[in-house]
Amino acid sequence: MEREVRHGDGRLPQVEVRSYSLPLKVGNEFLGDLASGSEFRKVLRHERHRVDCRGEPPFGDDRTHEIEGDDLDEALREQASTTEGQVVEKAVDTFSRRFAGVLLRFLDTSEWRGTQRIVCGGGLMEGGVGAELIRRTRRHLREEGPAVDLRRLHHAPDEAGMIGWAFAARPETLGKGDAFVAVDIGGTNLRWGIVRIDRAAPATEAFTVIRHDKWCHADDAVDRETVVDRMAEGIRDMIEAAERAALRLCPLVGLSCPGVVCPDGRLASGGQNLPGDWSDGAFSLPREVAERIGTIAGQPPRVLVHNDAVIQALSELPHLRDVDRWAAVTLGTGLGNCSFDNRAR
């Protein structure tokens, strides 16, 4: 029997994690500062300010970061007939070229060399804007020559960051229940939910988020302890919901978190978008959560922590059996990155 999975493990049941959170720079800037969901909004804001129009500006008086994704999708569909559409089209074109350049930098590293497919997740990848970004970035990559496929995650980002734990945990652990609880910790939102296991379904449909909730901590002036308290409250809510539904939970709580995760569950770096100091050497996220949530079916659960980009990427694993080496990026508040080798089965 293989050893139990550890926090931030590089050897998982079905993959070897070649790398994650590579701190690559262009000059004095990290690549993550050049291509992320936040950076796309900066590009969009720049294009809004460039438009020479009389009357109401594109998207009215809304602040750029508050424009809904559905509104951007609608504008992009009408790009030839509206000023808003032309602004979004230009932002997508500018950002896709920048995104392709970032991916080329990753592909030039030893950790990513030989990558056959890149999957893209994160909030920016949703909707029509995400689809168009992928289409244009794929075209720019092909113009540069690397033989690499570029796709979006099949699952919505909110769900992928929880479903991925199905491929990070040991099968023996998952075999002890019909569902598990997972949390996706982001720089803007905190999400928690129940992932159901359907052992009779095809691998691509075996795991489904059946209940979830979200808190936008970026809207509030909160500290680290408040975030951990709210996280634990959400986990307890999911445990109680599973009990009411007579759903047998696995003794696992999976936490997906930005940054480099040490074997003891502490964060070495990368939590700068979270409230407070998450890399404080005295702070242990799994310990803090475990102390707050109590038991599952009378037993203390295993609280595991791994990088959020890794977990989100793993949700795609059933669709990646036709390649040996692959990578992923997540475009949210920041840019997450990771690369993998599939293990022989």
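Reader: To begin with helix α2 and helix α4, at roughly what angle do their axes cross?

Author: The axes of helix α2 (residues 69–77) and helix α4 (residues 127–144) cross at roughly 60° and come within 6 Å. Helices here are DSSP runs of H or I with at least four residues, numbered from the N terminus, while axes are lines fitted to C-alpha atoms over the stretch in contact, with angles running from 0 to 180 degrees between N-to-C directions. This is a predicted model, in which local features need pLDDT of at least 70 and side-chain atom pairs count only at pLDDT 80 or more, whereas totals for chains, interfaces and linings use all residues. Residues are numbered from 1 along each chain as its sequence is written, and side-chain values use heavy atoms, with hydrogens and water left out.

Reader: What do you call that arrangement of α2 and α4?

Author: α2 and α4 are therefore oblique to each other, given that angles under 35 degrees count as roughly parallel, over 145 as roughly antiparallel, 65 to 115 as roughly perpendicular and the rest as oblique.

Reader: And which residues meet there, in α2 and in α4?

Author: From α2 there are L72, D73 and L76, which meet G127, G128, V129 and E132 in α4, where contact means heavy atoms within 4.5 Å. By class, this contact of α2 with α4 divides into three nonpolar, two polar and two charged residues; Ala, Val, Leu, Ile, Met, Phe, Trp, Tyr, Cys and Pro count as nonpolar, Asp, Glu, Lys and Arg as charged, and the others, Gly among them, as polar.

Reader: Okay, moving on to α7 and α8, how far apart are their axes?

Author: Helix α7 (residues 224–244) and helix α8 (residues 285–293) have their axes 9 Å apart and pack at an angle of about 50°. That makes α7 oblique to α8. Residues making the contact include V228, M231 and I235 of α7, together with L285, V289 and I293 of α8. In this contact of α7 with α8 there are seven nonpolar, no polar and five charged residues.

Reader: Which residues line the largest cavity?

Author: Its lining, meaning residues with an atom within 4 Å of a point, includes H155, I163, F167, F207 and H319. The lining of the largest cavity divides into six nonpolar, four polar and one charged residue.

Definitions and conventions
Helices (H or I, at least four residues) and strands (E, at least two) are DSSP runs, numbered from the N terminus. On a 1 Å grid over the protein atoms alone, a cavity is a set of points where a 1.4 Å probe fits but cannot get out, and a pocket is an open set with protein on both sides within 12 Å along at least five of seven lines; lining residues have an atom within 4 Å of a point.
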